[in-house]
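Colleague: I have a model open and some questions about it. Can we go through it?

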Amino acid sequence: MTDVTAGTTTYRQALHDGLRDALAGDERVFLLGEDVGRYGGSFGVSRGLLDEFGPERIRDTPLSESAFMGAGIGAALGGMLPIVEVMTVNFSLLALDQIVNTAASLSHMSGGQFHVPLVVRMTTGGGRQLAAQHSHSLEGWYAHVPGLRVLAPATMDDARWMLAGALRDPDPVVIFEHGSLYAMEGPPPGPGPVDLDHAAVRRAGTDVSLIASSQAVHVALAAADALAEEGVSAEVLDLRVLRPLDTEAIAATVGRTHRAVVVDEGWRSVGLSAEVSARITEHAFYELDAPVARVCTAEVPLPYAKHLEDAALPQPRRVVAAVHAMGLGG
């Protein structure tokens, strides 16, 4: 894989480099999923790895998410470190029984006698006109499940280094890669590692906190730029780890700004934004100068038409409008 601009890399390349390092560093690591071999992955992340590591470690599978997820779980129980790639989060629902009832549960059910060191990578999110069966953001569903660690890399550093940390976890980890970020360019990531426990402030501010994850972090950052032109100082908190949530960081940012807008590409009802809002109420209620606001995806299956998809997804202008409704700027 090559970068398009000298001195920069892409989110896709960062993921590829992390994957290649994992395979080179431990012979127990192998990758399996649909089209990960000769095709190089549906989004090109594993391109070239079949030639380098061979078919025993880069395994193409049939279109049977439940079957190859189960194979990964079995291999993990047998001492291997499998990485299972699922094309989109929508398809992962076919493997939900394996992930929730087996991978996430075995350690608890066995009193800690069995662990499942499985890493599941899957693409999430909209913005690419792939319509309803390829575009949803179901991270909140997985973040609901005890026994899973759920990660959402939004930056080059996290894309590059979260996999290494995930492979060191004795229990299952799900990594959500946003499809609209694969082509994102930026400076090469730092030397790593990155921690898998804490949220990160991506932009400091004093007037309002914009709390987001994954692609929504970039929506929040764009909104913060627009608000700055109006004299409003917005802090952007990247959640990064969706389970366990970094409640302390959420409360801390609200303590600094006293207003919060949660930006989430998931649906509003019973979703991640609802959980973050509840934690603010539980842990920082007396810091608030205004009710918590939420900017989420419209409660519809994601449409194909670009103007409808754009209308459904969180956009910077909607975040700015939510801040205006709090009496700031505008």
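Modeller: Start with Val29, which stands opposite Leu81 in strand 4. This is a predicted model, where local features need pLDDT of at least 70, side-chain atom pairs count only at pLDDT 80 or more, and totals for chains, interfaces and linings use all residues. Residues are numbered from 1 along each chain as its sequence is written, and side-chain values use heavy atoms, with hydrogens and water left out.

Colleague: How many bridges join strand 2 to strand 4?

Modeller: Five, and the two strands run parallel. Strands are DSSP runs of E, at least two residues, numbered from the N terminus; helices are runs of H or I, at least four. Two strands pair if DSSP finds at least two bridges between them.

Colleague: And which residue stands opposite Ile83?

Modeller: Val119 in strand 5. Strands 4 and 5 pair in the parallel sense over four bridges.

Colleague: Why is strand 4 largely enclosed?

Modeller: Because six of its six residues are buried, meaning under 20% relative accessible area with a 1.4 Å probe, protein chains only. Leu81, Ile83 and Glu85 point one way, and Pro82, Val84 and Val86 the other.

Colleague: New topic. Where is the kink in helix 8 centred?

Modeller: On Met162, with a bend of about 35°. The bend is the angle between axes fitted to the seven residues ending at a residue and the seven starting there.

Colleague: What does Asp158 in that helix meet?

Modeller: Asp158 is one of the buried residues of helix 8. The side chain of Asp158 meets that of Arg202 in a salt bridge, 3.3 Å from N to O. The rule wants a side-chain nitrogen of Lys or Arg within 4 Å of a carboxyl oxygen of Asp or Glu.

Conventions:
Buried means under 20% relative accessible area, exposed over 50%, partly exposed in between (1.4 Å probe, protein chains only).
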